[in-house]
Amino acid sequence: MTGRLDGKIALVTGAGGGIGRATALRFAAEGASLIVADLDETLIHKTAALITGSIAVTGDVSQRADCARIVETATKQFGRLDILVNNAGIMRDALTTRVKDGDVKMMSDDQWDAVLAVNLKGTWLMAQAAAVPMIAQKGGRITNTSSISANGNAGQANYAASKAGVIGLTRTLALEWARYHIGVNCVAPGAINTRMTAAIPEKVMEGLLARIPLARLGEPEEIAAAHVFLASADASYITGQVIWVDGGVSLG
Ligand code: NAD
């Protein structure tokens, strides 16, 4: 059977769990060779153990040197890099750091800096690093990760700003790198059933579910499917776009 990503070399960041792991597994099932990267050494080796022939790399996407090393691992092993999925991301805010019920602390500088560093700067640094081989080979696909929070979400100023920034970055890179035949797009998930949403208090989650037209959380595999489409030849004329995979939440 032929896969939609047969023969492609794909790098997925934040592949130690959740959406990243599901995306790496789906890419492998579609015929791609995988480099999987994450900050967490134990988790990333668990993902790699699930994918025959994959390479695990530990690194921090907010650090330029780590991004270069992650991409070089891919090019040294496989000789090229066709696809980058920028998935690594964190959430640090009142939703996840409640002091006690009903007592949320104000966002700190550390929370702001950490989230912007990983979600936005990390996406930019990884894209820059991946563009080196992609420009040399005259083509590639990059799929970034935004969120419905990009439209605004009370209590998540840092996360919302980072994810809105990812959309602006996606559109700009798509314009700048079209001349190199690099397509740059973005998946914007709604509330997905991962460790990240497990950290959301039950009451907040109830409110969240009430606002989802499809009335359930999404599964990581449903985000992976969008990444596959945007990374595949089926999306060859699509660049600078955002696909909202959110059960209808962004409809308002
Ligand atoms: P997750 O916490 O399960 O997985 C994120 C992974 O990123 C983890 O394995 C973590 O170790 C890794 N990571 C964190 N910081 C890193 C760094 N500096 N360098 C490298 N790796 C790092 O979360 P998830 O729910 O699978 O989220 C994946 C992406 O989807 C994130 O960008 C997140 O913001 C986005 N997203 C998630 C949801 C959701 O509801 N789960 C909704 C919208 C957007």
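A polar contact is a pair of N or O atoms within 3.5 Å, where one must be able to donate a hydrogen and the other to accept it. Keep that in mind for the views below, which come from a predicted model.

**View 1. Serine 62 and its polar partners.** Serine 62 sits in the loop between strand E3 (55–58) and helix H3 (64–78). Its side chain joins that of aspartate 60 through a polar contact of 2.8 Å. Another polar contact, of 3.4 Å, links the side chains of serine 62 and glutamine 63.

View 2. Is serine 62 buried or exposed? Its relative accessibility is 13%, and buried means under 20%, so serine 62 counts as buried. Looking past its neighbours within four places in sequence, you'll find serine 62 in contact with Ala117, Val118, Lys121, Gly122 and Leu125.

**View 3. Helix H4 from end to end.** H4 covers residues 109–136, which makes 28 residues. At 1.5 Å a residue, H4 should span 40 Å, and its end C-alpha atoms are 39 Å apart, so the two values agree. Where does H4 bend? Look at lysine 121: the bend there is about 40°. Lysine 121 is also one of the residues in contact with serine 62. Just after H4, lysine 138 takes a positive phi of about 60°.

**View 4. A charge over a ring.** Here arginine 64 lies over the face of tryptophan 124, at 5.5 Å from the ring centre. And how many aromatic pairs are there? For rings of Phe, Tyr and Trp whose centres lie within 6.5 Å, the count comes to zero.

Notes
Residues are numbered from 1 along each chain as its sequence is written. This is a predicted model: local features need pLDDT of at least 70, side-chain atom pairs count only at pLDDT 80 or more; totals for chains, interfaces and linings use all residues. Side-chain values use heavy atoms; hydrogens and water are left out. Helices (H or I, at least four residues) and strands (E, at least two) are DSSP runs, numbered from the N terminus. The expected span of a helix is 1.5 Å times one less than its number of residues. The bend at a residue is the angle between axes fitted to the seven residues ending there and the seven starting there. Buried means under 20% relative accessible area, exposed over 50%, partly exposed in between (1.4 Å probe, protein chains only). Contact means heavy atoms within 4.5 Å. Rings of Phe, Tyr and Trp (its six-membered ring) pair if their centres lie within 6.5 Å; planes under 30 degrees apart count as stacked, over 60 as edge-to-face and the rest as tilted. A charge sits over a ring if NZ of Lys or CZ of Arg is within 6 Å of the ring centre and within 35 degrees of the ring normal.
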